[in-house]
Amino acid sequence: MELVKRNIHMDSQKCMASIQTTLEKDSNISDSKPDAVKLIMDKGNVVIEEIRVTDDHAGVKGKLQFRILYLAEGTKADVAVMEGEIPFEEQIYMSGVACNDTVEVTPEIEDLTTTMINSRKFSVQSVISLKAVCSEIRDEETAVDISGDEPVEFRKKALSIASLAMKKKDIFRMKEEVEIPGSFPNIMEAVWYDIAPSEVEFKMLQDKISLQGEIKAFFVYRGEGEEEICHYETTLPFSGTVDCDGALEGMIPEISYVPEIKEVTVRPDFDGEERVFTFELILNLNICAYEEEQLTILSDVYGVVKETKVMEKEAGFRQFLQRRSGKMKLAQNFKMEEGEHPVRILHTSGILQISNTSLAEQGVEIAGVANLRILYENSGEENRFGLRRMSIPFNYILEAEEIGKNCVCPVKASVEQITASLIDEDEIDVKCVLFFQANIYREWKEKIVEEIETAELDSEKIDSLPSLAVYVIKEGD
């Protein structure tokens, strides 16, 4: 008599840790760049270069890349860009991690503050968080049946589980072009860009993963003629597929991405005029997919002609319950700083920082802050551009039914839409839409049969048994 076992592919979080680190650097403007009159805006990006795992620790090496757009000295309200980076190396304590484990580190810029020290120097200060997660993939050998001629009785139990179908990394690469409208002057030089994917959706297909979303692109450039500073903003839809062997339609995707923008260049249009921006966008994908299965396991065995001993162990399982999404609106008015008098909104951008997620009676409660930036044009020529930073706290409940304390809900959140309008020259009205999405799973422990042993019946034990046993049925039996 042998157990018939089935291998179930599962994953679980072995350990997790996070730290905050502060980076600071004073950077000089290169000699080839003009003097600075005023800081306009900045942008940062964290690159993880190396992760070294040792017992109970993960060493992380990387750098903070930053770009600064500033108003340059001169009578034409010119602008210029300064670029730089701040290297860092941190040790993250992770109790239980071993040197042969795989650790994934997700960086987040919690704060980036840039100030102008003088006309040739900027100070860059940043607080970044590093979240390290060690996941382990295990195979649960689960008994599902018994083979053999020996008569036994057994009981089975039906389970609905989400087994791990794949876990891998890949990239999605696309090349895009943006042609400026005919009313805009030709491009002499690209100065600044802000390119970000949004509303990216993933779907599992046969041996492929499909993607679709939008690219929000904003460009500042020096126009031909009188070297006028121009700006153009647009939204591009995109779609495509990534080859993924083993993917099946209907699998549950848990996919995150980190965008990477290659160098923005300018090329001529069909008439030979420099009017087209080209760029390459890379999405670094962290792919995890689950497959829903109906599994019947062996829950108990007892012998008929022989003594049967059952050895059990606890195994962890995960069940997919539901996919939920929702939106919320935020609105607030902001006063301008003294000396700032905007006449036109040029560009809006925003990111969400989630401070806490917890299970509530009605669903998943999500708290955090929406950090928004509004680039505008001032009325004065000498102080032409300005930036208003603002933070709006939010608290949202993503409604979900039948949610319990043993549920896990990885939440994805983004700023879907931002609109800013001028109430007057001293006040801006800002409205934005936040988008939340989560796959909700239930995790639990189940006793499964690991091994059975049989032995001949004990005659003394049989003789000691009563000749008749009476059981009174209770409600619920």
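Predicted model: local features only at pLDDT ≥ 70, side-chain atom pairs only at ≥ 80, totals over all residues.
Is Cys 432 buried or exposed? With a relative accessibility of 2%, Cys 432 counts as buried, because burial requires a relative accessible area under 20%.

## Overall form

The protein chain contains one helix and 20 strands. Its radius of gyration is 30 Å, whereas the globule rule gives 23 Å for 477 residues, so the chain is more spread out than a compact globule. Along the principal axes, the C-alpha atoms of the chain fill a box of roughly 110 × 45 × 45 Å.

Of the 477 residues in the protein chain, 42% are buried. The chain exposes about 25,700 Å², and carbon and sulfur atoms supply 44% of that area. Among contacts in the chain with a separation of 6 or more, 78% are between residues 24 or more positions apart.

Strands of a sheet pair through backbone hydrogen bonds, either parallel or antiparallel. In this model, three strands form an open sheet in the order β8-β9-β10, and their pairing is antiparallel. Strands β8 and β10 (229-243) stand at the edges; each has a single partner strand, so one side of each is left without a neighbour in the sheet. From one strand to the next, the twist averages 15 degrees.

The pairing of β8 with strand β9 (residues 208-223) is antiparallel and extends over 15 bridges. Within this pairing, Met 204 stands opposite Ile 209 in β9.

Strand β12 (residues 265-268) and strand β13 (residues 274-303) run antiparallel and are joined by four bridges. Thr 265 has Thr 278, in β13, as its bridge partner.

The hairpin formed by β12 and β13 has five residues between the strands. In this hairpin, Gly 272 takes a positive phi near 85 degrees.

## Residues with a positive phi

Most residues other than glycine have a negative phi. Which values of phi do Asp 56 and Glu 199 take? For Asp 56, phi is positive, at about 70 degrees, although the residue is not a glycine. Asp 56 is found in the loop between β2 (36-54) and β3 (57-72). Its relative accessible area is 28%, and Asp 56 is therefore partly exposed.

Glu 199 also has a positive phi, near 50 degrees, and is likewise a residue other than glycine.

## Cysteines

How many disulfides does the model contain? The count comes to zero, given that the two sulfur atoms of a disulfide must be within 2.5 Å. Cys 15 illustrates the point: the nearest cysteine sulfur, that of Cys 134, is 4.5 Å away, and Cys 15 is in no disulfide.

Cys 15 has a relative accessible area of 10% and is therefore buried. Cys 432, with which this report began, is buried as well, at 2% relative accessibility.

Note on methods: Residues numbered from 1 in each chain as written. Heavy atoms only, no water. Helix = DSSP H or I, 4+ residues; strand = E, 2+ residues; numbered from the N terminus. Buried < 20%, exposed > 50% of the residue type's maximum accessible area, 1.4 Å probe, protein only. Pairing = 2+ DSSP bridges. Axes fitted to C-alpha atoms, helices over the stretch in contact; angles between N-to-C directions. Rg over C-alpha atoms; globule rule 2.2 N^0.38 Å. Contact = heavy atoms within 4.5 Å. Areas by Shrake-Rupley, 256 points an atom, 1.4 Å probe, with all protein chains shown as cover.
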